[in-house]
Amino acid sequence: AESRAVVPRLAAGVTCIKGNVGAFAALKDTGEVVTWGSALGGGDSSAVARRLVAGVISITVARFSFAALKEVGEVVTWGSPHGGGDSNAVAHRLAAGVTTITCSAFAFAALKDTGEVVTWGRADD
């Protein structure tokens, strides 16, 4: 999405902005995430938009993708499927209990409240 398309949604309530090589994600005080920029880099979050309307507490950014942590411990990802934007293979392990997310350039790691670490993205990164 182009920034002009989301300007009205960025007029107030933004608490944090994260960016990568081609896209941005803004976290609002309502827990909503607004994205814009290159679709390849995560500027288009339409595939997961319904999961980003509320409840997000933090955003972690890799080179071409994003991961949002929700207050219920769920992780939502979008962006390049080869750079961590596709977490479908481990989605059942990211549905609840995640407390922290970190990343490298093309992969993510989530720490769960059980002490388990869940990883996804490029295996060689």
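# A guided tour, starting at a ring

Select Arg122 and Phe106 to begin: Arg122 lies over the face of Phe106, at 4.3 Å from the ring centre. Keep in mind along the way that this is a predicted model.

**Stop 1: around Phe106**

Is Phe106 buried or exposed? With a relative accessibility of 15%, Phe106 counts as buried.

Phe64 and Phe106 make a stacked aromatic pair, with 6.0 Å from centre to centre and 20° between the planes. Phe64 sits in the loop between strand 4 (56-61) and strand 5 (65-70), while Phe106 sits in the loop between strand 7 (98-103) and strand 8 (107-112), so this pair ties together parts that are 42 residues apart in sequence. Phe64 counts as partly exposed, at 25% relative accessibility. Aromatic pairs come to a count of four in this model.

**Stop 2: a second stacked pair**

Next, select Phe108 and Trp120. Their ring centres are 5.4 Å apart and their planes meet at 15°, so this pair is stacked too. Phe108 belongs to strand 8 and Trp120 to strand 9 (residues 117-121), and the pair links distant parts of the chain, 12 residues apart. Both Phe108 and Trp120 are buried.

**Stop 3**

Zoom in on strand 7 and strand 8. These two run antiparallel and are joined by five bridges.

**Stop 4**

Strand 4 and strand 5 run antiparallel, with five bridges joining them.

**Stop 3: two nonpolar cores**

Show side chains and select Val33, Leu52, Val56, Ile59, Phe66 and Trp78. Of the 13 residues in the largest nonpolar core, these touch the most other members. Which elements give two or more residues to this core? They are strand 2 (23-28), strand 4, strand 5 and strand 6 (75-79).

Then move to a second, separate core of 12 residues, which includes Val75, Ile101, Phe108 and Trp120. You have already met two of its members: Phe108 and Trp120 are the rings of the stacked pair at Stop 2.

**Stop 4: salt bridges**

Side chains of opposite charge can pair when their charged atoms come close. How many salt bridges does the structure hold? It holds four, and this stop visits some of them.

Select Arg9 and Glu32. They form a salt bridge whose closest N and O atoms are 2.7 Å apart. Arg9 is in the loop between helix 1 (3-6) and strand 1 (14-19), and Glu32 is in the loop between strand 2 and strand 3 (33-37), so the pair ties together parts that are 23 residues apart in sequence. Arg9 counts as partly exposed at 37% relative accessibility, whereas Glu32 counts as buried at 18%.

Continue with Glu74 and Arg51, whose side chains meet in a salt bridge (2.8 Å, N to O). Glu74 is in the loop between strand 5 and strand 6, and Arg51 in the loop between strand 3 and strand 4, a link between distant parts of the chain, 23 residues apart. Glu74 is buried, with a relative accessible area of 18%, while Arg51 is partly exposed, with 25%.

Finish at Glu116 and Arg93, another salt bridge (2.8 Å, N to O). This pair also links distant parts of the chain, 23 residues apart: Glu116 is in the loop between strand 8 and strand 9, and Arg93 in the loop between strand 6 and strand 7. Glu116 counts as partly exposed at 30% relative accessibility, and Arg93 counts as partly exposed at 29%.

Conventions
Residues numbered from 1 in each chain as written. Predicted model: local features only at pLDDT ≥ 70, side-chain atom pairs only at ≥ 80, totals over all residues. Heavy atoms only, no water. Phe/Tyr/Trp six-rings, centres within 6.5 Å; stacked < 30°, edge-to-face > 60°. Helix = DSSP H or I, 4+ residues; strand = E, 2+ residues; numbered from the N terminus. Buried < 20%, exposed > 50% of the residue type's maximum accessible area, 1.4 Å probe, protein only. Lys NZ or Arg CZ within 6 Å of the ring centre and 35° of its normal. Pairing = 2+ DSSP bridges. Core = buried A, V, L, I, M, F, W, Y, C linked by side-chain atoms within 4.5 Å.
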